[in-house]
Amino acid sequence: MDLSKISLVTKREYLTRVRKKSFILSTILTPLAFAAFIGIVVWVTVSESEVEKTVGIVDQTGVLYNRLSDLNTSRYTDLSDVPLDSLRKRVLNGTLDAFLVLEQSLIDSAKSPTLIHGGSGGISFQAAVRGDLREVVREERLSSMDVSEEIRNIFETRPGLESLKLTDEGEEKDNTIFASAFGFILGLLIFGGIFGYGAILMRGIIEEKTNRIVEVIASSIRPIELLYGKLFGILMVAFTQFGIWILFYMGISVAAAPIAGMIMSAQMQNLPPEATEAASANFDPTMLEGLVVDPSIFVFFFIYFLLGLLIYSAVFAAIGSAVDSEQDTQQFMIPVMIPIFIGYFLNTKVIENPDSSIAIIASLVPFTSPINMISRIASTDVPIWQIGLSILLLMITFVGVMWLASKIYRVGILMYGNRPSYKDLVKWIRQD
């Protein structure tokens with residue numbers, strides 16, 4: 001193979017794509033969109049989503065309504081004197097959201113009451129009423145049995161769990177939740193990168209083949225050299241984009257805690273001591289230091305991204321060379337997409353239990369390991385032999401896939417008019 005020709009194709013492929021407005025815009029806007037997404041998720045999580053509804057209580061026990069009212073005055077109203085038919089009419093005409101008949105059997109034998117409501121009421125609403133009922137019934141039972149305050153406290157105590165990570169340097173603050181989420185995001189980036197850049201490469205090859213440009217190029221360069229040039233070109237484009245994003249993240253993560261501390265100090269200068277103490281208790285800027293991750297994780301990220309993208313891009317390139325249009329790719333795409341999506345769906349299981357058997361297998365199988373191994377590396381201590389074995393298997397797989405892809409590419413790139421079948425692909429592979 002002529003490396004100078006491969007280099008020329010790589011350079012052309014790289015410069016053509018990084019100069020496009022779509023590349024520049026996606027490089028700039030993706031981190032901003034991701035930050036906005038995280039902000040929206042946090043806002044939705046912490047914001048009050050429940051719509052206040054009114055529940056009429058027909059209290060036949062004489063004690064439960066007062067306890068419910070103490071829990072939520074606006075939600076519960078005493079309608080014990082109103083006939084049930086009138087309550088049903090109020091629910092139907094919308095003046096009352098729901099009503100509940102509380103019988104003595106609820107306290108004596110925990111018989112479940114029935115919530116009569118208009119519409120579904122929503123899962124959150126029903127869960128809130130159910131939780132209130134459980135609490136007031138439990139309190140009433142404890143009171144009726146004259147349980148002491150000490151036993152009540154024991155019953156209500158819910159011990160938490162603090163955890164520390166032990167390393168060779170000593171104990172350090174556990175960061176499992178962030179590490180697992182970060183690992184999942186890295187796996188997701190590799191999944192998106194493989195799928196996105198592979199599809200771009202495939203469409204580019206189909207376009208060149210349709211426009212007959214490839215016939216001109218093939219007159220001066222061997223198909224295998226053209227394939228390598230395109231693979232390395234798309235790889236450099238991906239590395240450029242992901243490199244910019246990772247540098248952006250590293251800069252933000254390092255600067256986040258100091259900047260937040262400066263802003264907080266400036267705002268608290270004019271506050272009274274009590275307000276300053278309260279603000280410090282609510283938000284500690286040093287917690288943002290947890291966003292800083294070991295740079296070696298990014299080294300592994302690029303290794304697995306490189307190998308995963310090379311393997312799948314070779315397959316995408318072979319498919320693109322074998323067909324005349326994107327519609328014709330559908331018959332070949334399903335077998336390719338299955339392992340990618342398996343890796344994507346297994347990623348949730350991997351971060352939940354990164355040391356489980358399924359996580360280890362998924363991180364070693366070459367077609368899922370680029371997505372799943374990086375998630376394990378970010379969220380747990382992976383034995384070095386497993387990392388080495390997965391990289392070795394990926395390299396061996398790339399050699400095999402590249403051999404098959406080059407056989408198909410060599411014949412398919414100059415083949416027009418016929419819609420190839422799997423049998424044709426096997427025939428092309430066997431040709432000398």
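Residues are numbered from 1 along each chain as its sequence is written. In this predicted model, local features need pLDDT of at least 70 and side-chain atom pairs count only at pLDDT 80 or more, while totals for chains, interfaces and linings use all residues; side-chain values use heavy atoms, without hydrogens and water.

Student: How many aromatic pairs does the structure hold?
Tutor: Rings of Phe, Tyr and Trp (its six-membered ring) pair if their centres lie within 6.5 Å. Planes under 30 degrees apart count as stacked, over 60 as edge-to-face and the rest as tilted. The number of aromatic pairs is 19.

Student: What is the angle between the planes of Phe178 and Phe182?
Tutor: Helices (H or I, at least four residues) and strands (E, at least two) are DSSP runs, numbered from the N terminus. Phe178 and Phe182 both lie in helix α8 (residues 176-210), four residues apart, or about one turn. The pair is stacked, with 5.7 Å centre to centre and an angle of 25°.

Student: Is Phe182 buried or exposed?
Tutor: Buried means under 20% relative accessible area, exposed over 50%, and partly exposed in between (1.4 Å probe, protein chains only). Phe182 has 10% relative accessibility, so Phe182 counts as buried.

Student: What is the centre-to-centre distance of Phe301 and Phe305?
Tutor: Phe301 and Phe305 sit four residues apart in helix α12 (residues 295-322), so about one helical turn separates them. Phe301 is buried at 0%, and Phe305 is buried at 0%. Their rings are stacked, with 15° between the planes and a distance of 5.9 Å.

Student: Which residues form one aromatic cluster with Phe301 and Phe305?
Tutor: Phe301 and Phe305 are themselves an aromatic pair. The cluster they belong to also holds Tyr197, Phe239, Phe242, Trp245 and Phe302.

Student: Which ring does Lys53 lie over?
Tutor: A charge sits over a ring if NZ of Lys or CZ of Arg is within 6 Å of the ring centre and within 35 degrees of the ring normal. Lys53 is at 5.9 Å from the ring centre, over the face of Phe125.

Student: What is the N to O distance between Arg17 and Glu13?
Tutor: A salt bridge is a side-chain nitrogen of Lys or Arg within 4 Å of a carboxyl oxygen of Asp or Glu. Both residues lie in helix α1, four residues apart. Arg17 is buried at 15%, and Glu13 is buried at 4%. Their salt bridge has a distance of 2.9 Å.

Student: How many residues apart are Lys230 and Glu13?
Tutor: Their side chains meet in a salt bridge at 3.2 Å, N to O. Lys230 is buried, at 2%. Lys230 lies in helix α10 and Glu13 in helix α1, so the pair links distant parts of the chain, and their separation is 217 residues.

Student: Which helices hold Arg67 and Glu140?
Tutor: Their side chains form a salt bridge at 3.1 Å, N to O. Arg67 is partly exposed at 25%, whereas Glu140 is buried at 14%. The pair ties together parts 73 residues apart in sequence, because Arg67 lies in α3 and Glu140 in α6.
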